[in-house]
Amino acid sequence: RTWDINGDVSVTSNGDFNGGSSATVTVAGNLTDVGVFTHNSGTVTFDATTSGKTITSTGSHFNILTFNGSGGEWTPQDALATDANLNITAGTLIIPSITGSVSCSACVGKTFTVSNGARLTMQTNALYPVGYNTYTYGATSITNYYQTSSITTTAATYGYLNLKPAASSITFTLPTGTTAVQSDLTIGDGTNTDTITANTNSSTIDVDASVSISANSTLTAHASNGFTVAGHWINNGTFNNSGGTVTFDAVGTGLTINNNSQPFNNIIFNGSGGAWSPLTSILYASGSLTMTAGTLNNAGGSANVAVNGDVTCSGTCGTISLTTAALYQRVTTNRNFGTQTGATAWTFKNLNFFNKDTSAGYTITTQTGGSGDVTVTGVLTVGSGSYTQTMTLDAGNRTWALSGNGTPFVLNASPAAVL
């Protein structure tokens, strides 16, 4: 039997709604059940196309439950339980609090699905839906963590993921396991002061598009687990690197990195065909920069790059082409520079090697495994009068092409620099 109800459904305290065996029930309005609803292994679909719809089930369970109304928005007023699949095909399901929790009972093999363009929103102290065997998110689905209390999120493969506490002084803790995001990851709402941390549990982050950190928000990475990003890096808040590594693995061009003058620790570029540009604030690695695949260039931004550790590649070598910007390798111990394999050439407008240590002289050694030229179209500088110890550059077996006008090479005199 099929029921198509274009308005509200109300089951009174003495009522019992039984649609029949395996019935299909479609409801365009609210559902208020203070009696008994018997699902008989059927399917209930809410298909409203406007917001503000409510569901009160008073302990009754659904079997298969589907939300399928573009522009529709549904908010459970009490616990929402299914005995089979729950599908958000179109529209938004809002879990308003722990009172309106969503769960599946004895749901072996059952699926919770949010389709492309559909939304799941959790508010106040709401919990993530529980009890389903599989959680499936379309690449353009949207999951909103909007709670006003500190929570631990759930490891899943989301579409768009918005971690936006709706009050200040709230911490969202990422769970053990991988939080995978098929589209963009957005941290914070730009107003509330909050922290999203991956460094409490053994958390891994894998984002297939861009990462955006909003003003007043802090994202803390894990100290050793992976953090991969395939899109832009947009930081208008705070990023704590925890001594870890961020890997940019895009395979497309035109990507930008704006780190808001805050350091990464280690940076790896490892996307064949990928191209990244430091946007407006200096791209700073307090650890090392590894150029494995792709291109670091100035096509989309003209900011400089500063690295305290090695500037090398691993296994394969990508391209550095900073034709309108400078690279500063500022070390406090002996470090390495250059390609370690192949004939990939690196080009810089200005290239600077500095020793920041206050107690000893150190050497930056050009790697001999690769054969690519190093081209500097402006000025190559070894050593700086701003520091006190000797800086030595071991130029290795490379061809260094200096094509700048005027004085294309500066070997600092005090403290003495050595080539």
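These legends describe close-up views of a predicted model. Local features need pLDDT of at least 70, side-chain atom pairs count only at pLDDT 80 or more, and totals for chains, interfaces and linings use all residues. Residues are numbered from 1 along each chain as its sequence is written, and side-chain values use heavy atoms, without hydrogens and water.

**View A. Surroundings of D310.** D310 lies in the loop between β36 (305-307) and β37 (311-312); strands are DSSP E runs of at least two residues, numbered from the N terminus. D310 is buried at 18% relative accessible area (buried: under 20%; exposed: over 50%; partly exposed: in between; 1.4 Å probe, protein chains only). Its side chain reaches the backbone nitrogen of N336 at 2.8 Å. Beyond neighbours within four places in sequence, D310 contacts S288, L289, Q329, R335 and N336 (heavy atoms within 4.5 Å).

**View B. The aromatic pair Y145 and Y158.** The structure holds 29 aromatic pairs (Phe, Tyr or six-membered Trp rings, centres within 6.5 Å; planes under 30 degrees apart are stacked, over 60 edge-to-face, the rest tilted). Y145 and Y158 pair edge-to-face, at 6.3 Å centre to centre and 80° between planes. Y145 sits in strand β17 (residues 142-147) and Y158 in strand β19 (residues 157-158), 13 residues apart. Y145 is buried at 2%; Y158 is buried at 1%.

**View C. The tilted pair F354 and Y387.** The ring centres are 6.0 Å apart, with planes at 50°. F354 belongs to strand β40 (residues 346-355), and Y387 to the loop between β43 (380-382) and β44 (391-394). F354 is buried at 10%, whereas Y387 is partly exposed at 23%.

How values were computed:
Helix = DSSP H or I, 4+ residues; strand = E, 2+ residues; numbered from the N terminus. Polar contact = N/O pair within 3.5 Å; in protein donor to acceptor, adjacent residues only side chain to side chain.
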